[in-house]
Amino acid sequence: MRVKLAYGREGLWVDLPDRNVTVVEPRFAPGLPDEAGAIARALRQPIGSRPLRELVASNDTVAIVFSDLTRPTPNDRLLPPLLAELAAVPRERIVLINALGLHRVNTEDELRGMLGDAIVDNYRIIQHDAWDAEGLVSLGRTTYGREITVNRTYAEASVRILTGFIEPHFFAGFSGGPKAVVPGVAGGELVMDNHSARMLDHPNATWGVTEGNPLWEEMLEGALATQPTFLLNVTLNRDRAITGVYAGDLQAAHRVGKEAVRQTAMVTVEEPFDIVITSNSGYPLDLNLYQAVKGMSAAAQIVREDGAIIIAAECWDGIPAHGEYGNILRMADSPKALLELVRQPDFRMMDQWQAAIQARIQCQAEVYVKTGHLSDEEIESALLAPVERIEETLATLLARYGPEARICVLPEGPQTIPYIQRR
C-alpha cells in the first residue's frame with residue numbers, strides 16, 4: 001500500500017504493509033466554485049450581524065487582523081473581497097495587523113507571499129509585538145484575574161475585523177474566532193498565563209472542545225472585551241481550497257463554522273493503534289518542530305500506551321532557533337523529567353506550552369521524526385528519535401510489536417482529529 005503524506009509543498013510517499021493498516025482522513029469537502037463571490041455574499045448576508053457595509057462609515061478607522069505565516073489561512077484570497085467591501089473607507093484609514101501572538105516577525109517576502117503585492121504596496125501593515133508595553137492597552141481582567149492587554153492600534157480603531165481559518169486545535173478546541181485576538185494581538189503576559197501548564201492540564205483543553213475548555217473560554221473573554229465589529233473565517237480542504245465562509249458576529253459565526261469542521265475533521269475509531277504514522281499537514285504548517293507537536297498530538301489521541309508515533313514534518317524553519325522551545329527541551333534528559341519541570345508552579349518560559357504537550361505525548365508513546373532539515377543530533381536534543389526512512393523505522397517497530405500490530409495513518413495530520421469512540 002502506498003500513501004502520500006502531507007509533507008512540505010510536494011508531499012511524501014510511503015510504502016506500507018497491505019494488511020492491518022487503517023488510513024484516517026477528513027471527509028473531503030469540495031472547494032467553492034467562486035471563492036470571491038462566496039466571501040462577498042457572506043459579508044452581505046452575515047450570521048448574527050448586520051451586513052459589513054452597514055457597520056462601516058467613510059470616517060471610520062478600520063483594523064483588520066490577519067493570520068501569520070504559521071497558519072494556512074488564504075489571506076491573499078480572503079482579504080481582497082473584504083477590502084472591496086470597505087471601498088467607502090479611504091485606504092489611509094485602514095490598517096492590517098499581523099496576528100503574530102508570540103511568534104516571530106514575518107519578513108517582507110513572507111508578507112508578500114501571504115498577502116500579495118497589491119495589498120503590501122497599498123495598505124499600512126503592522127506586525128503585532130506582544131511585549132511592546134507602549135503598543136498595548138488594558139481592557140480589564142478575565143475571570144481568572146488576568147489583565148486583558150491587546151494591541152493598541154487594534155483596540156483604538158472604530159471598526160475591528162477579525163479574519164482567520166477554522167480547524168481543530170490541540171488545546172483551544174478549534175482555531176479561528178477569538179484566537180485572532182488571544183493570542184493573535186494580545187499582550188505576552190496574558191498569552192503566557194493562558195497557555196500555562198496548569199491550564200493545559202485541564203481535561204477539556206483538547207481537540208474539538210470549546211465549552212468548558214478554560215483556555216478557549218478565556219480567549220473568548222479577551223476577544224469580547226475588545227468588542228470586535230465583525231468576524232470573517234473560512235474552512236479549507238486538503239487542497240487549501242475554501243470550502244465554507246463564516247462571517248458576522250464573533251460567537252455566532254464561529255459556532256457555525258466550528259460545527260462544520262467537526263463534521264469533516266473529527267473521525268471515530270474503535271480502539272487504539274500500536275503505531276500511528278502522521279504528518280503536520282504539509283506547508284506551511286510543518287515549517288518547524290515546534291508546530292509539528294500538533295501532528296504528534298493528533299496521533300496521540302489514538303495510539304495505545306507504550307505505542308509509537310512516527311511524524312513526517314519538513315521543518316525548513318528548524319526547531320526553530322527563535323523562541324525558547326528548543327532551550328526548554330534541552331533542560332531535561334527525559335520526557336518525564338521535562339513534564340515535571342514545566343509543571344512546576346514557578347516555571348515560566350516562552351513556548352512552555354509546546355514543550356509541556358510534547359512531554360505529555362512522549363510519556364504515553366515513543367515519537368519518531370522524519371524531517372529533511374534537522375540533523376539527527378538536533379532531533380535527539382529535542383528528546384525525539386530521528387527517522388531516515390519511515391519504512392525502515394516501521395519495520396523495526398513491527399519486529400518489536402509483532403506482525404499483527406495495528407497501524408493507523410493520518411496523511412493530513414491534524415486536519416483529521418481521530419478519537420476513540422468509547423471516549
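**Briefing: cavities, a helix pair and an open sheet**

T22 stands opposite C408 in β19. This is a predicted model. Three bridges join β3 to β19, and the two strands run parallel. They belong to an open sheet of six strands. Elsewhere, the structure holds two cavities of 30 Å³ or more.

**The sheet**

- The strand order is β3-β19-β15-β16-β17-β18, with parallel pairing.
- β3 (21-23) and β18 (385-387) are the edge strands, each pairing on one side only.
- On average, neighbouring strands are turned by 25° against each other, direction ignored.
- Strand β19, the partner of β3, covers residues 407-410.
- Strands of a sheet pair through backbone hydrogen bonds, in either a parallel or an antiparallel manner.

**Helix α11 against α14**

- α11 and α14 pack at an angle of about 35°.
- Their axes are 10 Å apart.
- The crossing of these two helices is left-handed.
- From α11, the contact uses Y290, Q291, V293, M296, S297 and A300.
- From α14, W353, Q354, I357, Q358 and I361 meet them.
- By class, the residues of this contact divide into seven nonpolar, four polar and no charged.

**Largest cavity**

- The volume of the largest cavity is about 390 Å³.
- Its lining counts 33 residues.
- R71, H103, K179, P183 and G184 are the lining residues that lie nearest the centre of this cavity.
- Two strands, β4 (62-67) and β9 (159-165), each supply at least two residues of the lining.
- Helices α11 (289-300) and α14 (352-362) also each supply at least two.
- By class, the lining has 14 nonpolar, 15 polar and four charged residues.

**Second largest cavity**

- The second largest cavity has a volume of about 50 Å³.
- E167, P168, H169 and F170 are among its lining residues.
- W207, N280, L285, K294 and P414 also line this cavity.
- Five of the lining residues are nonpolar, two are polar and two are charged.

Technical notes:
Residues are numbered from 1 along each chain as its sequence is written. This is a predicted model: local features need pLDDT of at least 70, side-chain atom pairs count only at pLDDT 80 or more; totals for chains, interfaces and linings use all residues. Side-chain values use heavy atoms; hydrogens and water are left out. On a 1 Å grid over the protein atoms alone, a cavity is a set of points where a 1.4 Å probe fits but cannot get out, and a pocket is an open set with protein on both sides within 12 Å along at least five of seven lines; lining residues have an atom within 4 Å of a point. Grid points are joined across faces, edges and corners, and a volume is the space filled by probe spheres set on the points. Helices (H or I, at least four residues) and strands (E, at least two) are DSSP runs, numbered from the N terminus. Ala, Val, Leu, Ile, Met, Phe, Trp, Tyr, Cys and Pro count as nonpolar, Asp, Glu, Lys and Arg as charged, and the others, Gly among them, as polar. Axes are lines fitted to C-alpha atoms, for helices over the stretch in contact, and angles run from 0 to 180 degrees between N-to-C directions. A crossing is left-handed if the near helix is turned anticlockwise from the far one by less than a right angle, and right-handed if clockwise. Contact means heavy atoms within 4.5 Å. Two strands pair if DSSP finds at least two bridges between them.
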